[in-house]
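Please open the structure in a viewer and keep the selection panel at hand.

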Amino acid sequence: MRIVDSKTKKVLMSKDYNFSFDKETGVFHRWGRTYFEDPQFCPYGPEILDLEISVGDCAGNCPWCYKANSIGNGYHMSLETFKEILDKMPATLTQVALGLTDISANKDLIPILKYSREKGIVPNFTLAGYGLTEEILAEVAPLVGAIAVSVYPHNKELAYETARRFLQAGVKQTNFHLLYYQENKKHVLDVLNDYVEELAPKVNAIVLLALKTKGRAESGFTPMPQDMFNDIVLNCLEREIPIGFDSCSAPKFEKFARSKGYDHLLKFTEPCESALMSSYIDVHGNFYPCSFMEGIGEWTTGISVLDSEDFLTDVWYHPRLVGWRENLLNNCRNCPVFTI
Amino acid sequence: MKIRQGFVSNSSSSSFVCDVSGYEVSGFDLCLWEVGMVQCKNGHTFREEYIIGSTEEAEQTYLANLKKNNPELSHWTDEDLLNDYYIPANNCPVCQFTTVTERDILALVLADKDFTKEQLAEEIKERFGTYEEFNKFIRG
């Protein structure tokens, strides 16, 4: 296996698993022995890290928050811990998605972004827009690859304004994150209409995220049925609204694509890649297959990355993760826990 | 191959972005050598391991042909000449039809029928009506 890591690209070459990542655009290609093969697992370590750097201190206080974050009760990852974790990650890592509550919830955010860049890892994060000052915006904008702004009914105008500010600050890949479930179809369509009618800014993409019934979303919220999902996706494609999805939505999107004649989009879909290509580490430095697995079943506790001596041996090939991987692959990479 | 069109902004699970305007892998800005690929004189791109014969043999054939056809290059070193190197057709699996590409298959079908691509698309539309019907026919 050989990795070429330059200022603008990271390329991994091996017999059965290859990728190329453009650090300036985020464009990523993965293939196997030939361009026509899709490897199901990266044996050399994760490509992506989802890293939680704060909990609590979240002004959004959303009724569906799977993390049950709320105002106050804050805890954040220190710069030192962040460095320790990033230093332990294998050279396969291309980018990190930081799990942040309010933008001011981690006082080390800027040094964290800077350190990530120093290591050649592109940092990205999501916010709702609360507490975004001009000073923070000016510091953050040149450091991130992408920003996502969560759009909920109770922060819609703030979200639009926040996205406008990031776009004006030069972050071309400013996205909207739009949670979808049966009860909020109207909100989803409202945001899509706002995009078309230019009431919302022309963001890079509207990323649709599937509801998982966890935390505060455990009761009163229903995953969106397939036909309702199909209507929304068709609505986007017919009106040329740029869309994206979380990998949890991939099986639903694949059903849509195969039944509606959009098979050519399948190469852009990636079903669950938890612990196959991606990784999640919580605010205390514990590894889980993804953020939704935290505290569930055999994942009531994670695998300590901070205590590991060698990430590949102690974490990536930990027996619990090997078992998880086997189960996920046997389940055709469908979520083994949540109904999506 | 799987393609992601932008950075992963989702802190909960990784996301992908569809490009509704369509995306060509040929727009992929990457040096061929970086991914162990080579190109033949007719523009076919493939992994080095699929060269017919050895890489060395292909290089020698290329150099011999180049020098024979361009005597003015005789003072150039082999290393300099190889900077602009492409695989000769004799060593290319596509030129030798060891592998037939979908593009060549389409070109043959169009030439046999004396059709343009647009005319073929029109015929498909008339015969099948919907993509589902087309898929049913193709998959038998």
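The stops below concern a sheet and a pair of helices.

The model is predicted, so that local features need pLDDT of at least 70 and side-chain atom pairs count only at pLDDT 80 or more, whereas totals for chains, interfaces and linings use all residues. Residues are numbered from 1 along each chain as its sequence is written, chains are lettered from A and ligands numbered from 1 in the order in which they are written, and side-chain values use heavy atoms, without hydrogens and water.

Select the five strands of the open sheet, whose order is 1(A)-2(A)-3(A)-4(A)-1(B) with antiparallel pairing. Strands (E, at least two residues) and helices (H or I, at least four) are DSSP runs numbered from the N terminus, and two strands pair if DSSP finds at least two bridges between them. Strand 1 (2-5) of chain A and strand 1 (2-4) of chain B are at the edges, each with a single partner strand, so one side of each lacks a neighbour in the sheet.

**Between the chains.** Next, select strand 4 (residues 28-31) of chain A, which three bridges join to the antiparallel strand 1 of chain B. Phe28(A) has Arg4(B) as its bridge partner in that strand.

**The helices.** Finally, select helix 1 (residues 79-88) and helix 2 (residues 109-118) of chain A, which pack at about 20 degrees with axes 10 Å apart. Axes are lines fitted to C-alpha atoms, for helices over the stretch in contact, and angles run from 0 to 180 degrees between N-to-C directions. The contact (heavy atoms within 4.5 Å) includes Phe82(A) of helix 1 and Tyr115(A) of helix 2.
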